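Open your viewer and keep the selection panel handy. We will go from stop to stop, picking something new each time.

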Amino acid sequence: PDEDGSRLWLRYPLVADRRLLDEYRRDLRYVVAPDTDGPLGSAAGELSRALTSLLGRDVPIRRKVDGAGPLVLRTAASDAGPESYTLRRGRVDGTAAVIITGGADRGALYGAFHLLRLVQTHVTLDRLDVAERPRNPLRLANHWDNLDGSVERGYAGRSVFGFAELPELTERHSTYARALASVGLNGTVINNVNANAQFIAPEMLFKLQPLAALLRGWGISLYLSLNFASPMILGGLTTADPFDAGVKDWWRTKITEIYRAIPDLGGFLVKADSEGQPGPISYGRTHADGANLIAEAAAPHGGIVMWRAFVHDFNALEWSNKAYETFKPLDGKFADNAIVQIKNGPIDFQVREPAHPLFGALPNTNAMMELQVTQEYTGQSTHLCYLVPQWQEVYGFDTHAEGSGTTVAKIISGRTYGRELGGVAGVMNLGDDTDWTRHQLAAANTHGYGRLAWNPGLKARDIAEEWTRQTFGNDQREVAVITGLLLGSWQTYLDYTNPLGVSFLIKGDHFTPSPQTNTGWHQADAEGTGFDRTVATGNGFTGFYHRPVSDRFENLSDCPDELLLFLHHVPYGHRLKSGKTVIQHVYDSHFDGAAEVGRMRDRWRELRGRIDAKRWADTAERFDRHREQAILWRDTIAGYYFAASRVLDERRSWVQV
Ligand code: GCU
């Protein structure tokens, strides 16, 4: 079982460092925990099993302090909230102890996983003094899993939930729950936003009960995606109009029934009037009317509704603007238990986009961010693309909405506008493949998503290194190589796929390079390229931002190079801040990027023999394919731009004129 990725980063091999092993064995002899189920019981069980394995000796659970070396697990109400925890040394009943104190059960569980991380990554507990709390109230996984087991934009097999086999649960379900809890995620939406109404049919609710109970034990609330036309599909009504009394009644009754089956359900997620999904617009109502319909029915049960802002008309010209134009006028009209869920950027999870202008535009509305962990546009399960640096860029984006320092991170946490609800959702990359993510290194994205949801201020390097140590061990060389591969990979992917912010140079599979499929996005002609989104001459998008961001984006001379062609149409000879012309940059970045992938492949190969054979070989095979694909991207994009511009590459003689 250690020879594959089936346990993700929850691997607990014997601590290899002898000195640390002695220290841990001295200080962590047994776990003291009250007799309880729920997250506190899960925490005690995880500590006992994991430490038994890590320390190579039995670490039992006891009810009270009874001899040297207790690891005490307890809860105490804290100003830092129920999900907070501390890890400290102290005395309990006169005995020196390591003490995990959670603000409540969930906090204790997160504290237990923190302690295990320290042991997994070989950190001494000598000066243990940790105080942690999550920055985001909602830290959710979003699964785009369908009832038939297929996964929309999933690249690692079929659904992890095994809907057909429910209510039966397997070991995989527990590993799933433990993995989410270990990085501090506290909720999961288990079905696709393109929602099948059958998910809330009575027989399905019955099937979901044991899953909800399992998740509950790991502090994870279950949520469901709703189909807005459910009153028609399931209820036989002739309308889904949110103002219709029969429709309101139907939802009130249905949601009461759902809560009877799953009393602690977190709530609902809705994609409406987007890409063919039903919604309130067809009835002349607004998105707020639609959201409030569900919100009102869920409120008596303590439920929430997350309403997606992802609306567009499949037309490049308006795509960046539609969500802002639709939702901005609705600010303040959403119920208190409704949250607008906004994708990180205005388009659709492209390799790089500016942060969505709705962040900072809805001061009177709860807002959360949606990120994509599954690599729909970032190489799927073939290219290594570690997205933590991308996510940090958007978390750190300063909207200036309330003066400088109004970052996206601050807004979605609820702090900027004093809102209780907020947070982040990540579209998951897990499937039923043995190793969960097909590309072994893609599990670093799952882990990194959760760690950033907990604290967006963590350093990318620390997160990557932590995952590497947990997943592959603490060998210095291995850690350095893998961490380096992860950290550079997004920039490398940008280099060979995304000339200066141009998106959608891709086929409908969202994988194969194809700049000729949607020329509207890059607008390359004989003179120049890029999408003019300025106020002065373009589609007006830059005007959605607060100053000085709007000025920086609007003015060609201030516009950051990396977003130049996302925001402006410029001649090929336009000089970048780097001094290069746009066209030369396109050539250089694509050649340099593809060459870097070759070096990445070689660096992985050097790890042969240091990593168990199967995981090494699986990943080596991924890197071979990654390299081929990078070359294909390089030649497709560079070739396309040469054909469009007829400007020769100054540095290479690869073109035959
Ligand atoms: C993307 C993706 C779709 C998905 C949609 C969404 O467009 O390609 O598969 O349904 O986003 O987020 O709703």
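This is a predicted model: local features need pLDDT of at least 70, side-chain atom pairs count only at pLDDT 80 or more; totals for chains, interfaces and linings use all residues.

Residues are numbered from 1 along each chain as its sequence is written, and side-chain values use heavy atoms, with hydrogens and water left out.

**Stop 1: the ligand**

Select the ligand and its surroundings. A residue counts as near if one of its heavy atoms lies within 4 Å. There are 13 residues around the ligand, and the closest are Glu152, Lys271, Arg308, Lys343 and Glu376. By class, eight are charged, three nonpolar and two polar. Here Asp, Glu, Lys and Arg are charged; Ala, Val, Leu, Ile, Met, Phe, Trp, Tyr, Cys and Pro are nonpolar; the others, Gly among them, are polar.

Now look for polar contacts (pairs of N or O atoms within 3.5 Å; within protein, one must be able to donate a hydrogen and the other to accept it, and residues adjacent in sequence count only if both atoms are side-chain atoms). The side chain of Glu152 has an N or O atom 2.4 Å from a ligand oxygen. For Arg153, a polar side-chain atom is 2.9 Å from a ligand oxygen. For Asn194, the distance from a side-chain N or O atom to a ligand oxygen is 3.0 Å. Alone, the ligand exposes 320 Å², and the protein buries 96% of that. Such areas come from the Shrake-Rupley method with a 1.4 Å probe; for residues, only the protein chains shown count as cover.

**Stop 2: strand 12**

Select residues 338-343, strand 12. Helices (H or I, at least four residues) and strands (E, at least two) are DSSP runs, numbered from the N terminus. Six of the six residues in strand 12 are buried. Buried means under 20% relative accessible area, exposed over 50%, partly exposed in between (1.4 Å probe, protein chains only). Ala338, Val340 and Ile342 point one way, while Ile339, Gln341 and Lys343 point the other.

Two strands pair if DSSP finds at least two bridges between them. Strand 11 (304-308) pairs with strand 12 in parallel over four bridges; Trp307 stands opposite Val340 there. Strand 13 (367-372) also runs parallel to strand 12, joined by four bridges. In that pairing, Ile342 has Met369 as its partner.

**Stop 3**

Which residues make up helix 18? Select 582-605. Helix 18 reaches 35 Å from its first C-alpha to its last, close to the 34 Å expected. The expected span is 1.5 Å times one less than the number of residues.

Move to helix 3, residues 105-120. There, 14 of the 16 residues are buried, so helix 3 is largely enclosed too. His122 follows helix 3, with a positive phi near 60 degrees.

**Stop 4**

Most residues other than glycine have a negative phi, and most peptide bonds are trans. Select Leu166 and Pro167: the bond between them is cis, with omega near 10 degrees. Pro167 sits in the loop between strand 7 (138-142) and helix 4 (171-182). The bond from Arg547 to Pro548 is cis as well, with omega near 0 degrees.

Finish at Arg438, which is not a glycine but has a positive phi of about 65 degrees. Arg438 is partly exposed, at 31% relative accessible area.
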